Amino acid sequence: MGIRVQDVCKRFGDFQALDRVSVEIESGSLVALLGPSGSGKSTLLRSIAGLETPDSGRISLMDEDATDRSVQDRNIGFVFQHYALFKHMTLRRNIGFGMELRKMPKARIKARTDELLDLVQLTGLGDRYPSQISGGQRQRVALARALAVEPKVLLLDEPFGALDARVRKDLRVWLRRLHDEVHVTTVFVTHDQEEAMEVSDNIVVMNKGKVEQIGTPAQIYDHPASAFVMSFIGPVNVMPTSSKIFQTSGFDSANPEMFLRPHDIEIALELVNNSVPARVARLIHLGWEIQVELELEDGQVMQAHLTRDRFDRLQLTEDQRVYVKPRDVKSFALDYAI
């Protein structure tokens, strides 16, 4: 096992940052810690790194107890959101800094640095300074520096959070490809659901210092373990169980609310079995899909997502009368908050 966290607790004053957290991460996997601000994900990452000391519980790295080890003795590579590159050093010196501290032979440092510059697609830029490259390139240098000392575990704390949306998107693809080449056990913190779904092998969803669910992106999205998970991962309509759209379709629950994904709403131009009338209140064109805001006769408002092809066939217009029914509905006890 690459990383094993067992019943870890951490409190800061009156704030319970981690509450009996247990997580197992397989060697060579890429795992996302996902959750809103204050959920405990960064505290968990820093505890794995040794930057925070748990109040209780144990942390093992590569099947060896590391709970009481110093940061230096854990052989961890850590990448922060804000690069932390040395401005007065070239990219080559930045990448090789950790190897210099370990007094590795100069020839080995040069060979390893050249190898990493190529790996992070910065070949030929080694003599430049951080101010002479883009933010996305600086983050690649930070990753190369973390990999230079061949760590057992690579930890990334919101590594793309300071970058604009287009650069983040490109770097997500790059990080996945990089991981597939180096296969170092990697854990990264993010509050971006799309980022976690796109990059990771598994996702650890956290809320209020606890683990809500662990699973693959498909498992987390298709089979959420709680109302919080379903509300946090992807768009969702939360509506009263008493709404006519559920009663007519035969969906019932003892819980007061139902959860319905926008893509699980069928829209028809004529009355079909188990459908209810609705008004198209608004159409929002998102390029590859259309978001349809629907108002039911009981006053409930919900969002539906249509593919471009489906929208073109329906030819919907605002204020048009349509008929809707749910394909899939989930119900949970009301124990969540974001």
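Is Glu 100 buried, partly exposed or exposed? Select Glu 100: the residue is partly exposed, with a relative accessible area of 32%. Here buried means under 20% relative accessible area, exposed means over 50%, and partly exposed lies in between (1.4 Å probe, protein chains only).

Before going on, note that this is a predicted model, where local features need pLDDT of at least 70 and side-chain atom pairs count only at pLDDT 80 or more, while totals for chains, interfaces and linings use all residues. Residues are numbered from 1 along each chain as its sequence is written, and side-chain values use heavy atoms, with hydrogens and water left out.

**Salt bridges**

A salt bridge is a side-chain nitrogen of Lys or Arg within 4 Å of a carboxyl oxygen of Asp or Glu. Arg 93 counts as partly exposed, at 38% relative accessibility.

Next, select Arg 92 and Asp 114, a salt bridge whose closest N and O atoms are 2.7 Å apart. Arg 92 lies in helix H2 and Asp 114 in helix H3 (residues 106–119), so the pair ties together parts that are 22 residues apart in sequence. Helices (H or I, at least four residues) and strands (E, at least two) are DSSP runs, numbered from the N terminus.

Move to Asp 63 and Arg 4, a salt bridge with the closest N and O atoms 3.8 Å apart. Asp 63 is in the loop between strands S4 (56–61) and S5 (64–65), and Arg 4 is in strand S1 (residues 3–12), 59 residues apart. Asp 63 is exposed at 53%, whereas Arg 4 is partly exposed at 23%.

Then select Lys 169, Arg 172, Asp 192, Glu 194, Glu 195 and Glu 198, which are linked in a network of salt bridges. The whole structure has 28 salt bridges.

**Aromatic rings**

Rings of Phe, Tyr and Trp (its six-membered ring) pair if their centres lie within 6.5 Å; planes under 30 degrees apart count as stacked, over 60 as edge-to-face and the rest as tilted. The count by this rule is three aromatic pairs. Select Phe 86 and Phe 97, a tilted pair with 4.8 Å between centres and 55° between the planes.

**A charge over a ring**

Finally, select Arg 261 and Tyr 221. Arg 261 lies over the face of Tyr 221, 4.2 Å from the ring centre. The rule asks for NZ of Lys or CZ of Arg within 6 Å of the ring centre and within 35 degrees of the ring normal.
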